[in-house]
Amino acid sequence: MKTIRQITVLGSTGSIGESTLDVIARHPDRFQAFALTANHSVEKMLAQCQRFQPRFAVMLDTASAGQLADAIKAAGIRTEVLAGIESLEKVASLPEVDAVMAAIVGAAGIRPTFAAARTGKLVLLANKETLVMAGRIFMDLVKQHNATLLPIDSEHNAIYQSLPHHFNGNLVAAGISRILLTASGGPFRRAPLESLASVTPEQACAHPNWDMGQKISVDSATMMNKGLEVIEAHWLFEAPPEKIQVVIHPQSVIHSMVAYVDGSVIAQLGNPDMRTPIAHAMGFPERIESGVSALDMFKVAHLDFEEPDFKKFPCLKLAYQALAAGGNMPAVLNAANEIAVESFLKRHMPFTAIPVMIAHAMETVRQEEMATLDDVLKTDTLARDVARNWLANLQ
Ligand code: NAD
Ligand code: MG
């Protein structure tokens, strides 16, 4: 008899959250949604509670939690409604929870993700920002508390699948020469450099292959997403930056590759649908059905590869620089990027100002080491202030 895995889905109303619930719904004999969480989308959360009957539903926003609690009572559902960041941490760490899908977007996800690791959960990590902000501290925490970390980001999940089973974090011992991190190149891969200054949020959010939340869509358009993923790969696989090569692959069919010293390259392929990496990690080590259709090689027909254009996508370079600098710099990069993306989406600044704002924050915030989550959160606040001030002085 299989025991049913109790899962907390942090960010259940988002793109990854909904895909996760889709996989849960396909396997009622394996998984149960123990807790669902969201920022403030009451209607979506109510519908999810009706369908999945979780033990808890948490809204970050207190007023939204009040509305949800009334609606849940009226609907006769037994879900308990909680509010605030401490409640997010609580539902990520309660003893009944087996696995936590960390799918909140941005730095907002770090505290509950840390809470899951601290209580030794199976952490299914979509929130790459946690690793970018606090890579070493988070990986140490995972080890210290015997948590299990499985990557949901499609590239990292692909790398995980392409590594030898005995991989213990030592690339050299495993005979690995390079990690090939694929990137679609985003919606502006073919756009002339001069045209980027006038792109709109709608154009930036229209990704050619993936249907994702707004923030990661803009990150894909600037290629900061790939930059964040280089840092994520560095921490997950203990790979030095020079062994992580970004490869533009516009079809998004190969999700990443691992190159070995004997000349072999192992890749993971599939249709671009996040339910594949989600099902892989949720069912691990078993393979379970995900709802994703089989890859039709004849329809794919071509697999193309290009080198990334660092001049057109300076965010990618900034991410490599932040990783090389170490200490608090990746956290500064991440915080400034979040402010930059938000400012661009609100039409307060052009697309091309995004890397300028981030570079300014990286030059302004003093470089230092970080030892605790508190240090990380302080760096995050400081870098956000620096980025906001830069924009205010511009206007
Ligand atoms: P999304 O914007 O679609 O959803 C974000 C979720 O987080 C929502 O449920 C929202 O209510 C919640 N949320 C937002 N702000 C919050 C806050 N301050 N406090 C608490 N909850 C908050 O985002 P997404 O595209 O699903 O991405 C989620 C994470 O997964 C990101 O870190 C992203 O980089 C990563 N990721 C996403 C994809 C994808 O295909 N969408 C792929 C790989 C990795
Ligand atoms: Mg990815």
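Strand S8 (residues 176-183) runs parallel to its partner S9, and five bridges join the two; here strands are DSSP runs of E with at least two residues, helices are DSSP runs of H or I with at least four residues, and both are numbered from the N terminus. Two strands count as paired if DSSP finds at least two bridges between them. One of these bridges links Thr182 to Val247 in S9.

This is a predicted model, in which local features need pLDDT of at least 70 and side-chain atom pairs count only at pLDDT 80 or more, while totals for chains, interfaces and linings use all residues. Residues are numbered from 1 along each chain as its sequence is written, and chains are lettered from A and ligands numbered from 1 in the order in which they are written.

S8 and S9 belong to an open sheet of four strands with mixed pairing, in the order S9-S8-S10-S11. Because strand S9 (244-248) and strand S11 (265-269) each have a single partner strand, they stand at the edges, and one side of each is left without a neighbour in the sheet. On average, neighbouring strands of this sheet are turned by 20° against each other, with direction ignored.

## The helix packed on the sheet

Helix H7 (residues 154-162) packs on this sheet and touches S8, strand S10 (254-260) and S11, and its direction makes about 40° with that of S10. Such axes are lines fitted to C-alpha atoms, for helices over the stretch in contact, and angles run from 0 to 180 degrees between N-to-C directions.

Eight of the nine residues of H7 are buried, where a residue is called buried if 20 or more other C-beta atoms lie within 10 Å of its own, exposed if 12 or fewer do, and partly exposed in between, with C-beta atoms placed from the backbone. Among the buried residues are Ser154 and Glu155, and what covers the buried residues of H7 includes S8, H10 and helix H11 (275-283).

## Annotated positions

An unreviewed UniProt entry annotates a "binding site" that includes Ser154, Glu155, Asn225 and Glu229; such annotations may be inferred rather than shown by experiment, feature names are shortened, and positions follow the numbering used here.

Asn225 lies in helix H10 (residues 224-237), and it counts as buried because 27 other C-beta atoms lie within 10 Å. Glu229, also placed in helix H10, is buried because it has 30 C-beta neighbours inside 10 Å. Leaving aside neighbours within four places in sequence, Glu229 is in contact with Lys128, Asp153, Glu155 and Leu181, contact meaning that the C-beta atoms, placed from the backbone, lie within 7 Å.

Methods: Two residues are in contact if their C-beta atoms, placed from the backbone, lie within 7 Å.
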